[in-house]
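Good morning. Please have the sequence and the structure open, and I will go through the parts in order.

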Amino acid sequence: MKSTLKLALGLASAIFASTAVSNVAHAEDLTLCWAAWDPANALVELSKDFTKQTGIGMKFEFVPWTNYADRFLNELNSHGKLCDLIIGDSQWIGGAAENGHYVKLNDFFDKEHISMDDFVPATVVGYSEWPKNTPNYWALPAMGDVVGWTYRKDWFSKPELQKEFKEKYGWELGPPKTYDQLMQIAEFFQKRQIDGKTVYGASIYTERGSEGITMGVTNVLYDYGFDYQNPKKPYEMQGFVNSADAAKGLEFYKKLYDCCTPPGSSNVYMGESADAFKSGQVALHMNFAFTWPGLYKDEKVGGDKIGFFANPAGPKGHFAQLGGQGISVVSYSDKQESALKYIKWFANKDVQAKWWALGGYSCLNAVVNDPKFPSSQPYASTFLESMAIVKDFWAEPSYATLLQAMQKRVHDYVVADKGTAQEALDSLVKDWTQTFQDDGKM
Amino acid sequence: MLNRTADNVARATPEPLAKKIRGISDKGLAWLFISPTILLLLAINIFPLFWAIYLSFTNYRANRPNEVVKNLGLANYQRILGDQDVWIAMQTTAHFVFWTILLQTVIGFTLAWLIDRKFRGHAFWTTIILVPMMLSPAVVGNFWRFLYEPQIGLFSYVISFVTGIPPTNVQMLSNVELAPWAIIIVDTWMWTPYVMLICLAGLRSIPEYIYEAAEVDRASNWRQFWSITLPMALPFIMLAVLFRGIENFKMFDMVNLLTGGGPGSTTEVASITLKRQAFESWRTGYSSAFAIILFVAVFGLANIYVKALNKVKQR
């Protein structure tokens with residue numbers, strides 16, 4: 001009887017102890033929130049090293065891009081504790097900082113000797129600073145990204161196509177340097193028969209629901225002279241957003257959409273655009289750089305068949321739309337100390353080098369300025385070239401309202417053929433003015 | 001023996017509790033039973049409604065909890081009623097509601113009338129017709145998106161086969177003219193069976209002896225249809241129209257899945273505009289005012305309609 005009692009007590013103690021130990025382990029687990037995409041898988045792989053080094057477990061909450069903003073902005077607005085760390089979109093920084101969702105990292109950076117000078121300047125401004133161009137840091141640049149293009153190198157190198165193209169347009173078929181050249185290439189390939197299949201000119205962003213068409217059209221608008229505001233007088237938009245040059249840029253984007261995209265391209269964003277390229281439908285493909293590693297590895301269209309080029313230059317400038325995100329500590333998290341440990345670890349040079357090797361885009365100067373970097377991947381030099389010309393959308397606390405207005409006005413004109421480019425941009429100025437007036441900024 | 005047992009139980013019951021149970025009236029007991037439901041309704045329906053009414057007079061934004069909430073009076077309502085984009089969304093909604101109801105009623109009633117003939121295998125065909133209604137809207141939306149796909153979609157190929165137009169030119173979801181009809185077709189495909197079921201119930205409720213009397217009076221089939229079938233089934237048809245009207249006025253899922261309101265704003269019905277304002281632009285006060293306007297519109301129209309329905313029933 002005694003031995004049975006001892007056994008029972010022993011078992012109970014063992015169960016209690018194991019539960020307690022497992023609870024301690026769970027208490028240290030950090031949850032990192034991000035979008036569900038290829039780089040997120042690379043981050044899971046990378047974070048195993050962090051767990052090995054610190055014993056802190058990592059859990060991940062990845063949400064598809066279409067719901068990413070809705071899901072995580074709701075989480076932050078409701079002061080939820082789901083995410084300890086969040087890789088939030090660059091445009092969220094203003095709202096997240098002003099509403100107290102992110103922990104300010106200045107003191108932590110000073111204490112840990114993490115210098116923002118060590119990161120690519122555009123990414124620091126884009127992902128970390130609020131207000132912009134001031135040394136107030138709310139995130140560590142985590143995933144550099146920019147809109148660029150891929151093209152079908154194998155089609156471009158077909159002698160018969162090269163000959164025909166040269167005869168028609170008077171220049172060698174190759175990656176375009178200007179928008180006129182891009183249009184000519186797209187026209188040339190539109191509805192052409194290649195290897196017994198009808199192919200099309202270009203796949204570009206046209207999505208209406210989230211941010212797609214804005215992330216596409218801004219590449220062209222910037223290069224044609226569009227600016228968000230008067231550089232000398234903040235929030236003055238008249239003549240900058242809706243200048244005659246900006247309207248020409250918008251007209252160009254519509255012309256490209258009407259002339260040279262595959263049928264049914266009225267709602268295309270990252271996934272659909274990549275699919276159009278992967279399925280061998282298009283000669284040119286606009287997308288964020290994060291898609292390039294996956295496309296390069298693709299058996300059908302990758303390897304020698306794919307080439308990369310930066311956004312072409314326009315008549316008034318040479319820019320590309322910034323993507324990417326910084327990593328922040330959520331101020332509602334109970335595990336801020338562990339979360340800061342993760343950021344310290346992530347800022348390390350070796351970790352950043354491995355991040356790039358696994359398919360993430362490091363923003364650390366030591367990685368991207370390494371002499372070996374341009375040759376480290378076939379798309380590395382295009383990435384560097386593109387990151388040097390980035391420009392981003394508004395990062396104001398009202399960014400979502402500003403974004404929705406632009407989505408509507410641009411989509412109405414480009415896809416639904418409603419009104420003129422000038423009218424679309426004039427309406428956009430009205431919408432944005434109203435938003436800033438509501439915010440008390442005008 | 002039985003009385004003695006009852007007495008024993010009564011005596012064994014503690015005094016205050018017994019008094020309490022014995023003292024409760026039927027009305028009290030009824031309130032006791034329905035109070036959980038009432039509390040739930042108050043918490044889930046009534047409180048949010050009043051809260052939304054309150055918010056509709058403010059500049060509140062759910063994504064800025066730290067900001068001071070200002071009272072704007074009727075400014076949100078004025079802005080909505082003067083907003084051209086809102087009126088366009090209302091027109092799009094009206095177009096969608098009108099055509100879906102018209103098509104569903106005509107086709108649904110015709111199918112019900114045919115099924116009511118009780119031909120061989122009618123039970124089997126009834127089941128087949130009901131299948132679309134049993135599917136989830138999410139499944140239907142994705143399924144039809146593939147069917148409409150200009151390069152691989154079956155729908156495009158069928159149209160191409162019939163008309164000779166190349167399938168890649170049949171861009172149901174990208175074309176401004178066709179996109180509203182693409183949604184109307186899917187909604188009609190999915191919900192006509194529902195209208196058919198209600199109409200069938202109406203047709204089956206018509207007593208057989210009325211037709212027998214008409215036969216004796218040598219009334220033609222046409223005459224029987226116009227004088228007996230249609231008037232007697234009319235309350236049921238009107239009920240189906242009411243249900244579908246309310247449902248389609250707040251249609252969201254199918255439009256969101258098929259076009260997301262595009263191309264441009266061509267298929268942006270009021271509920272999509274509302275969702276964008278509320279959960280993408282985070283203009284909570286403004287969108288609350290919009291929701292109240294929509295609620296009043298549906299509630300008012302439904303009330304007028306129900307009165308008309310009652311008049312028809314009394315005839």
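I begin in chain A, where strand E7 (residues 197–203) and strand E8 run parallel and share 3 bridges. Two words first: strands are DSSP runs of E with at least two residues, helices are runs of H or I with at least four residues, and both are numbered from the N terminus. Two strands count as paired if DSSP finds at least two bridges between them.

Before going on, a note on the source. This is a predicted model, so local features need pLDDT of at least 70 and side-chain atom pairs count only at pLDDT 80 or more, while totals for chains, interfaces and linings use all residues. Residues are numbered from 1 along each chain as its sequence is written, and chains are lettered from A and ligands numbered from 1 in the order in which they are written.

Back to E8(A). Strand E5 (residues 147–152) of chain A pairs with E8(A) as well, antiparallel, over 5 bridges. Which residue of E8(A) stands opposite Thr150(A)? That is His285(A), and His285(A) is also the bridge partner of Ser203(A). Strand E8 (residues 282–288) of chain A has 7 of its 7 residues buried, so the rest of the structure largely encloses it. Buried means 20 or more other C-beta atoms within 10 Å of the residue's own, exposed means 12 or fewer, and partly exposed is in between; the C-beta atoms are placed from the backbone.

Next, a sheet in chain A. It is open, with 5 strands in the order E2-E1-E3-E11-E4 and mixed pairing. Its edge strands, pairing on one side only, are E2 (58–63) and E4 (140–143). Strand E3 (residues 85–89) of chain A runs antiparallel to strand E11 (residues 325–329) of chain A, with 5 bridges between them. Leu85(A) has Val329(A) in E11(A) as its bridge partner.

Leu85(A) turns up again in the largest nonpolar core, which has 136 residues: Leu85(A), Trp138(A), Ala202(A), Leu250(A) and Leu284(A) touch the most other members. Such a core is a set of buried Ala, Val, Leu, Ile, Met, Phe, Trp, Tyr and Cys residues joined through C-beta atoms within 7 Å. H19(A) gives the most to this core, 9 residues. Why does the core lie between domain 1 and domain 2 of chain A? Because both domains give residues to it.

Now those domains. Domain 1 of chain A covers 29–145 + 324–388, and domain 2 covers 147–321 + 398–438; such bounds come from an automatic or database domain assignment. Their C-alpha centres lie 27 Å apart. The contact between them takes 18 residues from domain 1 and 17 residues from domain 2, where contact means that the C-beta atoms of two residues, placed from the backbone, lie within 7 Å. On the domain 1 side, helix H18 (380–387) of chain A supplies at least two residues, and its 4 residues are the largest share.

Last, the two chains. Their contact takes 24 residues from chain A and 26 residues from chain B. On the chain A side, H19 (399–414) gives the most, with 6 residues. In chain B, domain 1 (16–55) and domain 2 (77–314) have C-alpha centres 37 Å apart.
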